[in-house]
Amino acid sequence: MTAYTYSSILFLTVIICFIASYDRRIRFNRYFGAFIKAAILVAIPFILWDIWFTAKGVWWFNTDYTLGLVIAGLPLEEWLFFIFIPFSCVFTYFCFEKFFKLGWLSVFNNLIVFVSVIVCSVIALLHYDKIYTLVTAVATIITLIYLHFIVRADWIGKASLVFTILMLGFFPVNGVLTGTGLETPIVNYNPGDFLGIRILTIPIEDAVYGYTQFLLVLYFFKIFQHTPDESKKLRKRQRIESI
């Protein structure tokens with residue numbers, strides 16, 4: 001059963017959200033196409049990042065907890081991670097936006113972006129020798145600057161609140177991956193490549209990494225959600241459901 005540990009974590013993370021997607025009050029299943037496009041687009045650079053770091057020994061995987069299928073140095077479960085985890089995150093955001101009035105959170109956009117960029121910049125300058133810390137900080141800075149100053153995303157405050165709530169699920173999921181409750185971690189980190197600050201067993205960089213990935217998937221999801229092709233498919237499904 002040990003070999004099913006990582007896959008079981010992914011399954012338990014996504015299954016409730018997947019089933020709830022078909023609830024008539026939510027109907028997130030109508031946007032599966034938009035989500036898949038967004039998740040795959042964002043997964044490409046993140047998987048390349050993952051492959052690079054694994055090859056350099058920044059982190060590595062204990063395959064005793066995986067099914068044993070390794071592609072480009074990454075377990076199959078690690079590839080699926082970039083679809084399953086974002087699915088639960090975007091689904092949660094979708095529900096919050098649907099059932100709660102969160103527009104007022106846009107007033108915090110400037111504060112969130114400026115504080116995050118300043119903190120990440122200082123950390124990157126002080127710890128440029130730690131590659132996981134440096135790359136995560138730079139990726140976050142670029143993402144926030146692009147979303148806030150270039151595309152003028154008005155939902156950064158909403159997304160940040162939802163991600164904060166998602167941390168309640170992040171801790172047990174990433175906790176197990178990084179060793180909580182296990183004899184050895186599924187994902188191991190080179191101590192010289194990150195700050196060494198952990199929340200339980202989770203490197204703090206993982207939370208920032210997850211935040212950046214979430215923002216990017218959400219950004220592209222919103223784009224694909226409103227493309228003419230997706231809108232046409234949605235109207236067609238609505239007609240079929242009304243029959």
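In this predicted model, V187 is buried, because its relative accessibility is 10% and the buried class covers values under 20%. V187 belongs to strand 4, which spans residues 187-189. Leaving aside residues up to four places away in sequence, V187 touches W59, W60, F61, L177 and T178. S106 lies 81 residues from V187 in sequence. The C-alpha atoms of V187 and S106 are 36 Å apart.

Strand 4 also contributes at least two residues to the lining of the largest pocket. Helix 1 (5-20), strand 1 (59-61), helix 3, helix 6 (156-177) and helix 7 do likewise. This pocket has a volume of about 650 Å³. Its lining comprises 34 residues, with F81, I85, F170, V173 and N174 nearest the centre. Helix 6 gives the most, 11 residues. The lining holds 23 nonpolar, 8 polar and 3 charged residues.

Of its 22 lining residues, S116, C120, A207, V208 and Y211 are closest to the centre. Helix 4 (109-126), helix 5 (131-150), helix 6 and helix 7 each give two or more residues. The largest share, 6 residues, comes from helix 4. By class, 15 lining residues are nonpolar, 6 polar and 1 charged.

The structure also holds 1 cavity of 30 Å³ or more. The volume of the largest cavity is about 30 Å³. Y93, F94, E97, F221, K222 and Q225 line it. The cavity lining divides into 3 nonpolar, 1 polar and 2 charged residues.

Notes:
Residues numbered from 1 in each chain as written. Predicted model: local features only at pLDDT ≥ 70, side-chain atom pairs only at ≥ 80, totals over all residues. Heavy atoms only, no water. Helix = DSSP H or I, 4+ residues; strand = E, 2+ residues; numbered from the N terminus. Buried < 20%, exposed > 50% of the residue type's maximum accessible area, 1.4 Å probe, protein only. Contact = heavy atoms within 4.5 Å. 1 Å grid on protein atoms, 1.4 Å probe; cavity = no way out; pocket = protein on both sides within 12 Å on 5 of 7 lines; lining within 4 Å. Points joined across faces, edges and corners; volume = space filled by probe spheres on them. Nonpolar A, V, L, I, M, F, W, Y, C, P; charged D, E, K, R; others polar.
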